[in-house]
Amino acid sequence: MRQLQAEIIAEMGVQPEINAGEEIRRRVDFLKAYAAASHTNGFVLGISGGVDSTLAGKLAQLAVDELKAEGTDARFIALRLPYKVQHDEEDAQAALDFIAPSESLVYNVQPAVDGFEDEYVKMTGESITDFNKGNIKARVRMTAQYAVAGQHNLLVIGTDHGAESVTGFFTKFGDGGADILPLFGLDKRQNRQLLAELGAPAGLISKAPTADLLDDAPGQTDETELGIGYDTIDDYLEGRDVPVDAAEKIERRFLMTRHKRTVPVSVLDTWWKP
Ligand SMILES: Nc1ncnc2c1ncn2[C@@H]1O[C@H](COP(=O)(O)OP(=O)(O)OC[C@H]2O[C@@H]([n+]3cccc(C(=O)O)c3)[C@H](O)[C@@H]2O)[C@@H](O)[C@H]1O
Ligand SMILES: Nc1ncnc2c1ncn2[C@@H]1O[C@H](COP(=O)(O)OP(=O)(O)OP(=O)(O)O)[C@@H](O)[C@H]1O
Ligand SMILES: [Mg+2]
């Protein structure tokens, strides 16, 4: 195995093989224990219809159901956060049906995102790129989740996991901004394994991952943007040999995005120095 590959696997905490049932139990227990330790009343999470939020949402609801059965008042608020009408809204609804959250709310991020964009154009006289606007959508979604968390003393769940963290494929302080990461240590196919164990509909389990942030390319797959498939990233994280060009691409992205996996760099830090 490549030396950096071993270091990355250790940082991402990915195991080459998992027992799906045990991983579900461990992660539900983590959510319950942390809710108790933090004196919070439960969780909030945006549900997109994608693999990660379907899994994290289901784990949150299982945790809340158990807390309630044990006599603790807890709630999970699932948030739909479309920009206008989402092109695959039916998948988001299927995810909500599967999760069966205690409560669900809808906040359309379009007015906030577009209002922000208008004011930006007034300030600078220049338009915002579709790519940059995509990151604004992710940060408005984060803001909506923190607004709900702040009103009800909840924790914001983040869906970051090994296969996304390693490439830094998330918006800094957008979907990367959260309080608790129940999926960390899993790769993408392991997320799907847990969903299958939980009895999720097949269409949601096999769904192609998409950040879905672009006006110009709705539903563009992550693999198209990254230029590398999750199967390859997963193989790399499970310690297998992958083609050298793929390994180098993953490692380049890992090194370039280190700043996203730390608190802001301070004058006392040295991790960034070559
Ligand atoms: N070395 C460094 N040290 C400290 N900070 C550094 C830095 N380099 C950039 N930065 C800062 O980071 C910013 C760039 O990071 P960021 O704003 O995140 O932007 P960036 O990484 O350019 O874009 C986010 C990427 O994540 C993808 N994404 C986003 C959301 C969800 C998903 C998904 O899978 O669903 C994927 C999205 O498609 C895009 O490829 C710069 O504008 C700068 O402020
Ligand atoms: N349209 C949306 N509505 C609600 N939440 C969203 C939406 N888009 C993104 N999010 C939130 O941002 C997170 C990051 O998006 P990401 O695409 O990585 O995950 P996903 O959509 O759940 O799964 P996948 O990676 O398989 O598409 C989501 O898990 C979800 O919490
Ligand atoms: Mg998605």
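Q: At what angle do helix α2 and helix α8 pack, and are they roughly parallel or roughly perpendicular to each other?
A: In this predicted model, helix α2 spans residues 20–37 and helix α8 spans residues 188–197, and their axes lie 9 Å apart. The angle at which the two helices pack is about 90°. Because angles of 65 to 115 degrees count as roughly perpendicular, α2 and α8 are therefore roughly perpendicular to each other.

Q: Which residues of α8 meet α2?
A: On the side of α2, the contact is made by Ala20, Gly21, Glu23 and Ile24. By class, the contact of α2 with α8 holds three nonpolar, two polar and two charged residues. The residues that α8 brings to this contact are Gln193, Leu194 and Glu197.

Q: How many nonpolar residues does the contact of α2 with α3 have?
A: From α2, the residues Ile24, Arg27, Val28, Leu31, Lys32 and Ala35 meet Leu59, Ala60, Leu62, Ala63, Glu66 and Leu67 in α3. By class, this contact has no polar residues and three charged ones, and the number of nonpolar residues is nine.

Q: What is the handedness of the crossing in which α5 passes α6?
A: The axes of helix α5, residues 110–124, and α6 come within 9 Å and cross at roughly 130°. The two helices are therefore oblique to each other. The crossing in which α5 passes α6 is right-handed.

Q: How many charged residues does the contact of α5 with α6 have?
A: Ala112, Val113, Phe116 and Glu117 in α5 meet Lys133, Ile136, Lys137 and Val140 in α6. By class, the contact of α5 with α6 has five nonpolar and no polar residues, and the number of charged residues is three.

Q: Is Pro16 buried or exposed?
A: Pro16 is found in the loop between α1 (3–12) and α2, and, leaving aside residues up to four places away in sequence, Pro16 touches Glu238 and Gly239. There are 12 other C-beta atoms within 10 Å of Pro16. Because a residue with 12 or fewer such atoms counts as exposed, Pro16 is exposed.

Q: Which helix supplies the largest share of the shell around ligand 2?
A: Ligand 2 is surrounded by 20 residues, and the closest are Gly46, Ser48, Gly50, Ser53 and Pro209. By class, this shell divides into seven nonpolar, seven polar and six charged residues. At least two residues of the shell come from each of β1 (42–46) and α3 (51–69). The largest share, three residues, comes from α3.

Q: Which helices each supply at least two residues of the shell around ligand 1?
A: Ligand 1 is surrounded by 15 residues, and the closest are Ala138, Thr171, Lys172, Ala211 and His259. The residues of this shell divide into six nonpolar, four polar and five charged. The helices that each supply at least two residues of the shell are α6 (130–152) and α10 (222–226).

Terms used
Residues are numbered from 1 along each chain as its sequence is written. Chains are lettered from A and ligands numbered from 1 in the order in which they are written. This is a predicted model: local features need pLDDT of at least 70, side-chain atom pairs count only at pLDDT 80 or more; totals for chains, interfaces and linings use all residues. A residue is near a molecule or strand if its C-beta atom, placed from the backbone, lies within 6 Å of it. Helices (H or I, at least four residues) and strands (E, at least two) are DSSP runs, numbered from the N terminus. Ala, Val, Leu, Ile, Met, Phe, Trp, Tyr, Cys and Pro count as nonpolar, Asp, Glu, Lys and Arg as charged, and the others, Gly among them, as polar. Axes are lines fitted to C-alpha atoms, for helices over the stretch in contact, and angles run from 0 to 180 degrees between N-to-C directions. Angles under 35 degrees count as roughly parallel, over 145 as roughly antiparallel, 65 to 115 as roughly perpendicular and the rest as oblique. A crossing is left-handed if the near helix is turned anticlockwise from the far one by less than a right angle, and right-handed if clockwise. Two residues are in contact if their C-beta atoms, placed from the backbone, lie within 7 Å. A residue is buried if 20 or more other C-beta atoms lie within 10 Å of its own, exposed if 12 or fewer, and partly exposed in between; C-beta atoms are placed from the backbone.
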